[in-house]
Amino acid sequence: MRLVKTLPLLLSLSAALGSASALALPNDRDQPIRIQADNAHLDDKQGVATYTGDVIITQGSMMIKGNTVTITRSASGDIDVVTSVGNLAYFEQQQSAAKPDKMKGWAVTIQYQSQKDMVILTDRAKVENEGNTTEGEKIVYNTQTQVATAGRGGNVTSPRQRIDMVIQPKKKAE
């Protein structure tokens, strides 16, 4: 009986998450969303779903992992924020069909703010893409403008004085 009450929330979360994946391959948002976890707590009134225990969320080429993943939705039912917390939380996604390498990110907290098109990695943050890496306390990436900012963060367990980047040389066409 409880599933009948939570089914509308699950369906609206799934539909909204599918339309919110701005980093995705063109067909990722048309793929089904699969959520695996040890436990789930769904609050229809507040529009919050919390998954705990080795959480894995996949949709197409996108994968989010964490010890705890919380999904909140706006009053309109759209996904507002997805927050993954772990030691370390993980995010990956293939950026284009022509390039099989996936963009990967790790941090204690990874937050995707769909309304703002922002991915925020905080505390021991690292992003890797095509051999290039960026490490710092906090990395903020705007998926719309494709602008990244790295630097100091707020409450972090491993303070870093500086960011660390490795940029691979462009390969010359043969």
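Hello everyone, and thanks for coming. A word on ground rules. This is a predicted model, where local features need pLDDT of at least 70 and side-chain atom pairs count only at pLDDT 80 or more, while totals for chains, interfaces and linings use all residues. Residues are numbered from 1 along each chain as its sequence is written, and side-chain values use heavy atoms, with hydrogens and water left out.

Let's begin with the overall layout. How many helices and strands does the chain have? There is one helix, and there are 10 strands. Both are DSSP runs numbered from the N terminus: helices are H or I with at least four residues, and strands are E with at least two. Along the sequence, the pattern is α-β-β-β-β-β-β-β-β-β-β.

The chain has 174 residues, and 37% of them are buried. Buried here means under 20% relative accessible area, exposed means over 50%, and partly exposed is in between, with a 1.4 Å probe and protein chains only. The chain exposes about 10,500 Å², with carbon and sulfur atoms supplying 51% of that. Those areas come from the Shrake-Rupley method with a 1.4 Å probe, and for residues only the protein chains shown count as cover. Now for contacts, meaning heavy atoms within 4.5 Å. Of the contacts with a separation of 6 or more, 41% are between residues 24 or more positions apart.

Next, the strands. Two of them pair if DSSP finds at least two bridges between them. Please find strand S4, residues 62-73. S4 runs antiparallel to S5, and nine bridges join them. Arg 73 stands opposite Ile 79 in S5. From its C-alpha to that of Gln 115 is 8.9 Å, although the two are 37 residues apart in sequence.

Moving along, S5 covers residues 79-96 and S6 covers residues 99-113; they pair in the antiparallel sense over 12 bridges. A hairpin with two residues joins them. Across this pair, Ser 84 stands opposite Ile 110, and Ala 89 has Ala 107 as its bridge partner. Here is a detail to look up on screen: the peptide bond from Asn 87 to Leu 88 is cis, with omega near 0°, and Leu 88 lies in S5.

S6 also pairs with S7, residues 118-129, in the antiparallel sense over eight bridges. Thr 109 stands opposite Thr 122 in S7. Four residues lie between these strands in their hairpin.

Now the pockets. On a 1 Å grid over the protein atoms alone, a pocket is an open set of points where a 1.4 Å probe fits, with protein on both sides within 12 Å along at least five of seven lines; lining residues have an atom within 4 Å of a point. Points are joined across faces, edges and corners, and a volume is the space filled by probe spheres set on them.

The largest pocket holds about 710 Å³ of space. Of its 31 lining residues, the closest to the centre are Met 103, Val 127, Asn 129, Tyr 141 and Ala 148. By class, the lining has 17 nonpolar, 10 polar and four charged residues. Nonpolar covers Ala, Val, Leu, Ile, Met, Phe, Trp, Tyr, Cys and Pro; charged covers Asp, Glu, Lys and Arg; the others, Gly among them, are polar.

The second largest pocket has about 350 Å³. Its lining includes Lys 99, Asp 101, Glu 130 and Lys 171, and divides into two nonpolar, two polar and five charged residues. S6 gives the largest share, three residues.
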